[in-house]
Amino acid sequence: MDWTGRCIRDGKRGAIPAHIQPILQRLEIKQDNWIDGIQHYGNYFYKVVGIMRHLLEETERQGQKWFKGQTAARLLYQ
């Protein structure tokens, strides 16, 4: 998160450092879309963020039909 904040603050897209890549892989985040997802978080998601499986589980748990963010989840998460 620290690296992400500095990347956004400096206004530079940059490259993801090697030590960050394993973290994104464990979180099942597509590293090419990470910065965009953080910068536009409020436009992409509303109540729930994560991989599609988690969005669908939470949708069902809350008795909803859908949550904003399904398209973004497919783009951002593996």
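## Working through a predicted model

Leu-75 comes out at 52% relative accessibility, so it counts as exposed. Keep in mind that this is a predicted model; the exercises below start from that residue.

**Exercise 1.** Place Leu-75 in the fold and find what it touches.

*Solution.* Start with the secondary structure: Leu-75 sits in helix 6. Next, check the exposure call: the cut-off for exposed is over 50%, and Leu-75 has 52%. Then look for contacts, skipping residues up to four places away in sequence: that leaves Lys-30 and Asn-33. Finally, take the C-alpha distance to Lys-30: 7.7 Å, for two residues 45 apart along the chain.

**Exercise 2.** Work out which residues of helix 5 are buried and how they are arranged around the axis.

*Solution.* Helix 5 spans residues 52-61, and its buried residues are Met-52, Leu-55, Glu-58 and Thr-59. They cover an arc of only 130 degrees around the axis, so they lie on the same side of helix 5. The general rule behind this kind of pattern is that an α-helix has 3.6 residues a turn, so residues three or four places apart point the same way. As for what covers the buried residues, helix 6 (70-76) is included. Just past the end of helix 5, Gly-63 has a positive phi of about 70 degrees.

**Exercise 3.** Zoom in on Thr-59 and list its contacts beyond its neighbours within four places in sequence.

*Solution.* Thr-59 belongs to helix 5. Its relative accessible area is 4%, so it is buried; the cut-off is under 20%. With those sequence neighbours set aside, Thr-59 is in contact with Gln-64, Lys-65, Trp-66 and Phe-67.

**Exercise 4.** Search the whole structure for aromatic pairs and classify what turns up.

*Solution.* The search gives one pair. The rings belong to Tyr-41 and Phe-45, with centres 6.0 Å apart and planes at 40 degrees, so the pair is tilted.

**Exercise 5.** Decide which element has the highest mean pLDDT and which the lowest.

*Solution.* Begin with the whole protein: the mean pLDDT is 77, and 78% of residues reach 70 or more. Then go element by element: helix 5 has the highest mean, 87, while helix 1 (residues 2-9) has the lowest, 63.

Technical notes: Residues numbered from 1 in each chain as written. Predicted model: local features only at pLDDT ≥ 70, side-chain atom pairs only at ≥ 80, totals over all residues. Heavy atoms only, no water. Buried < 20%, exposed > 50% of the residue type's maximum accessible area, 1.4 Å probe, protein only. Helix = DSSP H or I, 4+ residues; strand = E, 2+ residues; numbered from the N terminus. Arc of directions from axis to C-beta. Contact = heavy atoms within 4.5 Å. Phe/Tyr/Trp six-rings, centres within 6.5 Å; stacked < 30°, edge-to-face > 60°. pLDDT = per-residue confidence, 0-100.
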